[in-house]
Amino acid sequence: MIGSGTLAYSVQANTGPARSGTITIAGQTYTINQASGCSYSLSATSGSAAAGGDAGNVAVTASNTGCGWTAVSNDPSWLTITSGASGTGDGTVYYSVANNNSTTARTGTLTIAGQTYTVNQAGIAC
């Protein structure tokens, strides 16, 4: 083509991690960045624990094997991730719950792949 013009392009839907591509036009490179299309689901949204301490796990399902995720405890003094704090694709987060030496039940949360998982722990009996 001689003179000015318009180039039309299309981008496929993204179901995986963020990505970028380039187009070279008349010796100039144009970069196209596409946000992540990853989505995640958990096998459960909550779990329960005995007053004397406990352990549990929750499975993470990712929309694509290349989708990365992390898991953190929002109550690390008594609710601890023991393995599976990060992963790519599907995985499992394992956690432990410390003894609750109070008669009052408590609730804590884990944030896994941007989603909240709630742990309800009973208090000790009087």
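Two strands count as paired if DSSP finds at least two bridges between them, and a strand here is a DSSP run (E, at least two residues), numbered from the N terminus. The model in these views is predicted, so to speak of local features needs pLDDT of at least 70, side-chain atom pairs count only at pLDDT 80 or more, and totals for chains, interfaces and linings use all residues. Residues are numbered from 1 along each chain as its sequence is written, and side-chain values use heavy atoms, leaving out hydrogens and water.

**View A. Strand β6 meets β8.** Look for glycine 68, whose bridge partner in β8 is threonine 88. Strand β6 (residues 68-73) and β8 run antiparallel and are joined by three bridges.

**View B. An open sheet of five strands.** Follow the order β4-β11-β10-β6-β8, where the pairing is mixed. At the edges you will find β4 (46-49) and β8 (86-88), each pairing on one side only.

**View C. The hairpin of β1 and β2.** Seven bridges pair strand β1 (residues 19-25) with strand β2 (residues 28-34) in the antiparallel sense. Isoleucine 25 has glutamine 28 in β2 as its bridge partner. Two residues lie between the strands, and alanine 26 takes a positive phi near 50°.

**View D. Valine 93 and the largest nonpolar core.** Such a core is a set of buried Ala, Val, Leu, Ile, Met, Phe, Trp, Tyr and Cys residues joined through side-chain atoms within 4.5 Å; buried means under 20% relative accessible area (1.4 Å probe, protein chains only). Among its 17 residues, Val93, Ile112 and Tyr117 touch the most other members. Strand β9 gives the largest share, three residues.

Technical notes
Helix = DSSP H or I, 4+ residues; strand = E, 2+ residues; numbered from the N terminus. Buried < 20%, exposed > 50% of the residue type's maximum accessible area, 1.4 Å probe, protein only.
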